[in-house]
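Please look over the sequence and the structure shown below.

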Amino acid sequence: MKKYNNLTATLALAKASFRSIMRSPSAVVFTLAFPLIFILVFGFLGGGGTRIDVGVTPGADVNNPVMGMLEKTGMIRLVKDKSKAEFDKLLEKGNVDAMIDVHRKVNSTAYSVNVVYTSASRDKGGILKSVLNNIFYDKTLKPTVAEIKESTITGREYKTIDFILPGQLGFSLLSTGVFGTAFVFLSLRQTLVIKRFFATPVRRSSIVIGEGIARIGFALIGALFIILIGHFFFGFTLVHGALTVVNMLILATLGVIVFMGFGFIISGIAKNESMVPPISNIVTLPQFLLSGTFFSIEAFPSWLQPISRALPLTYLNDALRKVAFEGLGLWDVKFQIMILLLWGIGIYAVAVKVFKWE
Amino acid sequence: METKKAIISVKNLVKKYDDFVAVQGLSFEVYEHEIFGLLGPNGAGKTTTLEIIETLRDKTSGEIIVDGFSVDKQPQDIKQIIGVQLQAAGYYPNLNLIELIELFAGLYGANIKPMEMLEKVNLQEKAKAKYKALSGGQKQRFSIATTLINQPKIIFLDEPTTGLDPQARRNLWDLIIEIRNAGTTVVITTHYMDEAEQLCDRVAFVERGQIIALDTPDNLIDKLVSSGFERKKEVKKANLEDVFINLTGQEWRE
């Protein structure tokens, strides 16, 4: 008798599953259409999403044109009337994104602007820097400003898309992993497709791995599509070009695998298909809202932030942003990867217990 | 039929669920190249018995050998030489028939041409259709096609004709006989006695998890008649189904 080949079976399943996903409207909508719509909306909305808190150094000259211009951008909120010690604390925690000090230069009508960024809020600092650059090239302001002194990091131009896209990508991976996996395994179980599979020599591991390959493949195609559209149409920053894309896709793969674990759990505990969306939403909605998909988690009240920092999507989003915008390598986001892996271990430990084959 | 070599042997099969005994001490043999029928009312244990032989369900006790392989020790070997049609199995969603056959070919590790498989069950024109879009008879024929992919020695058909119209039913009988004539052993369950009488070489009656009779349909009928049984109404040379077929034609409806 010919020896049975598990790889053939796994690949046949992956191929079938991939075909099926590509023809399933809900998968395409969740993975591609939703994130793209959000990207479009926020891409055209411009800076409406972010708000930067800038502390005004006590004793600074507040009646200067620089401050006025900053407030007029609508993105920057000036925080005044706090002591130096208070500001230092806020700055340290990133609750204030930067400090600004404006003084008239000695023996001159021109102003000296001194900006201090904080490493606790590099993203926002980057935005502030680009805002400052913009207004200093403003014709009315230029003659009056003699110099800008800046300390700490030099930021790149940080656009809304640079914040929104990784968040949307992360969320797309979450929904593909959770909803897709939960629906597929529940329906394969309920329509006895899996039972029919069991009448063939296929191994259970082949069924899971085959499904996984298809879903990861589909999610990566979706991710690549989102990244490329973001890059070419909305100027999404890819610091090291193709290498950054590859790093993002590696993170995406890790993310989908972890999130698929939620799907396995849901397919095990849901009694029928109508129970899948509510349970899936319990998993995805809090992460959608709290994991820095739309807003930086620093914008949340401090009591909410520990919850945000417990969710896996927070770390995927964080890692994706750092890789894409700051140009960090995978080793530099090892902390985020480690948290994701811990989540993965936890989720799959539960999934193995609650997953049902029939 | 002369050699009567047993390809399946079931000895003292018992299946208990928590507080319910579905199968209590079944023993029977299925011979090579025959069509063997398992008959009996719903809940008698037919499907349970089949699924245990098909290695889909664990048994409580008993011994089952399929073509020399033990269900306990060599379930993988058994799966490779049997084809299984389940009573209510579904197929992978969103795929057409050709793609489904390709999938099963991969699962069995069989090297076949999907179109040829569909031709065997006369579904070549539906190659690009989805399983969901098929009629009842077509679905059953497709299910049977999936059981033939690994060129099995035995196929199991669980109520293949339930819900079909008379034409589709007769059409399926022809297909099953063809498969048997090509050398495959067929084990079938059904609720239709005319079907069992037409198709099966031997039948076993299962009742409350036990076999209460096992013989050829002819012998069973003769035995009943010799015990003095008589039908209330004299049998005519044709029945209402013959009238139906005669009026609506032989050819098969989609």
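In chain A, the residues A:Phe171, A:Leu174, A:Ser175, A:Val178, A:Phe179, A:Ala182, A:Phe183 and A:Leu186 of α6(A) meet A:Val276, A:Ser280, A:Val283, A:Thr284, A:Gln287 and A:Phe288 of α10(A). Two residues are in contact here if their C-beta atoms, placed from the backbone, lie within 7 Å. Helices (H or I, at least four residues) and strands (E, at least two) are DSSP runs, numbered from the N terminus. By type, the residues of this contact divide into ten nonpolar, four polar and no charged. Ala, Val, Leu, Ile, Met, Phe, Trp, Tyr, Cys and Pro count as nonpolar, Asp, Glu, Lys and Arg as charged, and the others, Gly among them, as polar.

This is a predicted model, in which local features need pLDDT of at least 70, side-chain atom pairs count only at pLDDT 80 or more, and totals for chains, interfaces and linings use all residues. Residues are numbered from 1 along each chain as its sequence is written, while chains are lettered from A and ligands numbered from 1 in the order in which they are written.

How do the two helices lie? The axes of α6 (residues 160-190) and α10 (residues 276-290) of chain A come within 10 Å and cross at roughly 165°. That makes α6(A) roughly antiparallel to α10(A), a term for angles over 145 degrees. Axes are lines fitted to C-alpha atoms, for helices over the stretch in contact, and angles run from 0 to 180 degrees between N-to-C directions. The crossing of α6(A) and α10(A) is right-handed, meaning that the near helix is turned clockwise from the far one by less than a right angle.

Chain A as a whole has 13 helices and five strands. Of its 358 residues, 45% count as buried. A residue is buried if 20 or more other C-beta atoms lie within 10 Å of its own, exposed if 12 or fewer, and partly exposed in between, with C-beta atoms placed from the backbone. Among the contacts in chain A with a separation of 6 or more, 81% join residues 24 or more positions apart.

Next comes the second chain. Chain B averages a pLDDT of 91, and 97% of the residues score at least 70; pLDDT is the predictor's confidence in each residue, from 0 to 100. For the complex, the predictor gives an ipTM of 0.90 and a pTM of 0.78.

Between the chains, 26 residues of chain A are in contact with 23 residues of chain B. On the side of chain A that touches chain B, the elements giving two or more residues are α1 (6-22) and α7 (193-198) of chain A. The largest share, eight residues, comes from α1(A). This side of chain A divides into 14 nonpolar, seven polar and five charged residues.

Which residues does B:Leu56 touch? Not counting residues up to four places away in sequence, B:Leu56 touches A:Lys195, A:Phe198, A:Ala199 and B:Glu51. B:Leu56 sits in the loop between α1 (46-53) and β4 (61-66) of chain B, and is partly exposed, with 19 other C-beta atoms within 10 Å.

Some backbone angles in chain B also deserve a look. Most residues other than glycine have a negative phi. B:Asn12, in strand β1 (residues 6-17) of chain B, has a positive phi of about 50° although it is not a glycine. B:Gln151, in the loop between α5 (136-148) and β7 (154-158) of chain B, has a positive phi of about 45° and is not a glycine either.

Conventions: Parallel < 35°, antiparallel > 145°, perpendicular 65-115°, else oblique.
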